[in-house]
Amino acid sequence: MLYLLITAEFSENIEKLYVADTETDPAEYSFKLKCTKCGELAEKVIHFNLFEKHENSGSKGENSFTMKCKFCESDNSILANSFEHSLFAQQAEHSNNDRRKKFGLNGNKTDINSYAAIMQLDSRGWDIENFFFNELPFKVELRTGTVMDCQFDEDGTWYDYDDESGEEVNIVDFKYKIEKGK
Ligand SMILES: [Zn+2]
């Protein structure tokens with residue numbers, strides 16, 4: 001299994017960050033993929049959401065998306081599911097370490113405690129080359145309970161203003177990484 005992990009630096013008034021992703025209004029996640037069998041990058045950026053699943057042809061199980069590699073013609077697919085919902089300001093205090101351990105997301109992966117693993121990817125034949133987080137709608141929840149819409153710039157920053165408290169709200173240094181787990 002692969003896991004998509006995110007982290008960021010919050011201004012002090014922020015409690016948590018999560019993808020604006022519900023069954024009635026699913027978020028579309030965009031990725032650039034690389035074939036693990038021949039090492040070639042897929043030309044197209046692919047998009048999928050976590051709610052629509054398709055039956056695998058000829059075999060058991062399902063996938064979120066399937067695409068034939070143009071170079072080696074392998075039928076590669078990914079089954080993606082939500083894993084952890086939010087990235088918290090105090091992420092280490094909110095991580096379910098027993099659950100993480102079960103999925104191989106702990107131990108000697110040094111800085112993993114500052115990341116939230118937002119997606120589990122059962123990938124058959126694709127590696128993630130690029131995750132286009134700046135195309136994804138996020139929600140930011142403030143310590144006061146106010147929820148704001150958030151969309152990142154390509155450099156991983158977001159600035160806004162909370163009218164209620166009269167304070168600036170910002171996130172900088174948004175980063176993602178892919179980790180192997182169970
Ligand atoms: Zn290939």
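**Labels and cut-offs**

Me: Why is Cys-72 called partly exposed?
Reply: Its relative accessibility is 31%. Buried means under 20% relative accessible area and exposed over 50%, with partly exposed in between (1.4 Å probe, protein chains only). Cys-72 therefore counts as partly exposed.

Me: What is the basis for these values?
Reply: This is a predicted model, where local features need pLDDT of at least 70 and side-chain atom pairs count only at pLDDT 80 or more, while totals for chains, interfaces and linings use all residues. Residues are numbered from 1 along each chain as its sequence is written, and side-chain values use heavy atoms, without hydrogens and water.

Me: Which residues coordinate the zinc ion?
Reply: Cys-35, Cys-38, Cys-69 and Cys-72, each through SG, at 2.3 Å. Donors are N, O and S atoms within 2.8 Å of the metal (3.2 Å for Na, K and Ca); water is not among the atoms, so sites may look incomplete. Along the chain, the donor spacing is C-x2-C-x30-C-x2-C. Cys-38, between strand 3 and strand 4, and Cys-72, between strand 7 and strand 8, lie in loops and are 34 residues apart. Strands (E, at least two residues) are DSSP runs, numbered from the N terminus.

Me: What makes the arrangement around the zinc ion tetrahedral?
Reply: The 4 donor atoms subtend angles of 105 to 115°. Four donors count as tetrahedral if all angles lie between 85 and 135 degrees. The arrangement is therefore tetrahedral.

Me: How do you know that strand 1 pairs with strand 15?
Reply: Pairing takes at least two DSSP bridges. These strands share 8, in the antiparallel sense.

Terms used:
Helices (H or I, at least four residues) and strands (E, at least two) are DSSP runs, numbered from the N terminus. Four donors count as tetrahedral if all angles lie between 85 and 135 degrees; four count as square planar and six as octahedral if opposite donors are over 155 degrees apart and all others between 65 and 115; anything else is irregular.
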